[in-house]
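Good morning, and thank you for coming. Please look at the sequence and the model on the screen while I speak.

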Amino acid sequence: MNCECERQRLLNLVRMYDFAITDVTLYLDSHPKCPHGLAYYYKYKQLYSEALAAYERQFGPMTNRANTNPTTWTWVDDPWPWELEA
């Protein structure tokens with residue numbers, strides 16, 4: 001698979017799962033004990049973490065807090081996620 005296509009695919013997954021988490025968070029603010037809402041939250045939180053880890057493994061840190069190289073600041077090595085074409 002083309003590297004840029006894979007980057008875009010993973011970035012779209014991260015965005016989609018992040019949106020789902022944000023949306024259900026708003027619901028849980030007013031329904032904090034809803035078992036379905038909580039299950040949905042934890043499912044998409046896990047999916048988000050997996051997609052984010054996959055993106056960062058292949059393309060570098062998604063945020064500046066994810067820089068893990070102690071010898072160089074890798075955050076600036078590649079195009080930043082928002083610089084990619086949608």
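By about how much of a helix are Y55 and F59 separated in helix α2? Y55 and F59 are 4 residues apart in helix α2, so about one helical turn separates them.

Before I continue, a word on the source. This is a predicted model, in which local features need pLDDT of at least 70 and side-chain atom pairs count only at pLDDT 80 or more, while totals for chains, interfaces and linings use all residues. Residues are numbered from 1 along each chain as its sequence is written, and side-chain values use heavy atoms, with hydrogens and water left out.

Let me turn to the helices. Helix α1 covers residues 3–30, and helix α2 covers residues 35–59. Helices here are DSSP runs of H or I with at least four residues, numbered from the N terminus. The axes of α1 and α2 come within 8 Å and cross at roughly 155°; such axes are lines fitted to C-alpha atoms over the stretch in contact, with angles from 0 to 180 degrees between N-to-C directions. The two helices are therefore roughly antiparallel, a term for angles over 145 degrees. In the contact of α1 with α2 there are 22 nonpolar, 3 polar and 4 charged residues. Nonpolar covers Ala, Val, Leu, Ile, Met, Phe, Trp, Tyr, Cys and Pro, charged covers Asp, Glu, Lys and Arg, and polar covers the others, Gly among them.

Next, the aromatic residues. The whole structure holds 4 aromatic pairs, where rings of Phe, Tyr and Trp (its six-membered ring) pair if their centres lie within 6.5 Å. Y17 is buried at 14% relative accessibility, and Y44 is buried at 17%; buried means under 20% relative accessible area with a 1.4 Å probe, protein chains only. Y17, Y40 and Y44 form one aromatic cluster.

Y55 and F59 are both buried.

Finally, consider E6. E6 lies in helix α1 and counts as buried, at 12% relative accessibility.

Technical notes:
Buried means under 20% relative accessible area, exposed over 50%, partly exposed in between (1.4 Å probe, protein chains only). Angles under 35 degrees count as roughly parallel, over 145 as roughly antiparallel, 65 to 115 as roughly perpendicular and the rest as oblique. Rings of Phe, Tyr and Trp (its six-membered ring) pair if their centres lie within 6.5 Å; planes under 30 degrees apart count as stacked, over 60 as edge-to-face and the rest as tilted.
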